[in-house]
Structures are given as structure tokens and as C-alpha cells.
Amino acid sequence: MKAVTIKMRERVLHMKLRKLFVSILCILMVFCFTGCSSEAKKSMDTAVQSANALLDKNQKAYDMSTKSTLKKDVKDSEKANSDADYKKSTKKIKSDIKAYKNSIKQLKQVTKPSQDFLLERAKTVDTITDVEAATEETDINNMMNKAGGY
């Protein structure tokens, strides 16, 4: 009778171990197919996040088509479903981000250039021999930023 009881316990233990093994195997498979994503997808997701952060600032660009192209390529990235597609979308989005940022900088240089930018550009003209910024302190007429002044 003891031998039968021991064999039954062994069978029950064996069945429990089998169930545990199958359960662990199922969990691992679920993680493999859903929980893990490729490096290419992660890279694309990072690029999309950067693009969305830049677009959320809603900055004006010299060439507004750079903004619309970036928006379009971010939306198109949702259709990517393979590593090759992820890499292609990442490359496009990074290029679009660079173009949009450059266009923002260009607009700033056209609409409100910095003093240093203007001085550097003036120095590149061959016929200009000396460059100096005009300020209230350097204005010999004391008319800068005054009523009736310049």
C-alpha cells in the first residue's frame, strides 16, 4: 500500500512539474512575440518621439514644407512592420528633423539675426575694411533709441 501511495505522489508531482514547465514555456513565448521589440523599432520610436517633441513646440520655419514633410513621415512610420521599414522610417524622420531645425534657424537669421551673425557676414564683404556694432554707448550723436533719433 505504501508503494502505491509513493507512486501516486510521484505521478502527482510529475504532473505538477509538467504543468509548471508548460506554463513557463508559454510565458516565455508570449514575451518573445509581444514584449520584445527590435533595435530598429526602438530607434524609430525614439526618432518619432524627438519629432513629436519638436513639432509640439510649433515653431515657424523659413520653409514650412519641412514641417509638413516631418508630420507626414511621422504618420507614415505607423505603417512600418519590419526592420527594413523601421530603418527606412528612422532615416527619413532624422533627415526631416534636421531639415526642419535648419529651416527654423534660417527664419531666425532672416527675421531677427543676432549681432554676431551680422558682424561676421559684414566682414566677409571684400570692400568693407572695418566692422563695429553701433550701440547707445558707441553712438557719438547720442540719438540712438531716443525720440526723434534713429
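## A tour of the charged side chains

Start by selecting Lys72, Asp73, Asp76 and Lys79: salt bridges link them in a network. A salt bridge here puts a side-chain nitrogen of Lys or Arg within 4 Å of a carboxyl oxygen of Asp or Glu. What you have open is a predicted model, where local features need pLDDT of at least 70 and side-chain atom pairs count only at pLDDT 80 or more, while totals for chains, interfaces and linings use all residues. Residues are numbered from 1 along each chain as its sequence is written, and side-chain values use heavy atoms, with hydrogens and water left out.

Is Asp73 buried or exposed? Asp73 is buried, at 9% relative accessible area, whereas Lys72 is partly exposed at 49%. (Buried means under 20% relative accessible area, exposed over 50%, and partly exposed in between, using a 1.4 Å probe and protein chains only.)

How many salt bridges turn up in a search of the whole structure? The search finds six. Opposite charges on side chains can pair when the charged atoms come close.

Next, select helix α2, residues 39–56. (Helices are DSSP runs of H or I with at least four residues, strands are runs of E with at least two, and both are numbered from the N terminus.) Pick out Asp45 and Lys41, which form a salt bridge with their closest N and O atoms 3.4 Å apart. The two sit four residues apart in the helix, so about one helical turn separates them. Asp45 is partly exposed at 29% relative accessible area, and Lys41 is also partly exposed, at 26%.

Now jump to helix α5, residues 115–123, and show Glu120 and Lys123, three residues apart, or about one turn of the helix. Their side chains make a salt bridge, 3.8 Å from N to O. Glu120 counts as partly exposed at 47% relative accessible area, while Lys123, at 51%, counts as exposed.

Lys105 lies in helix α4, residues 83–111, and is exposed, with a relative accessible area of 54%.
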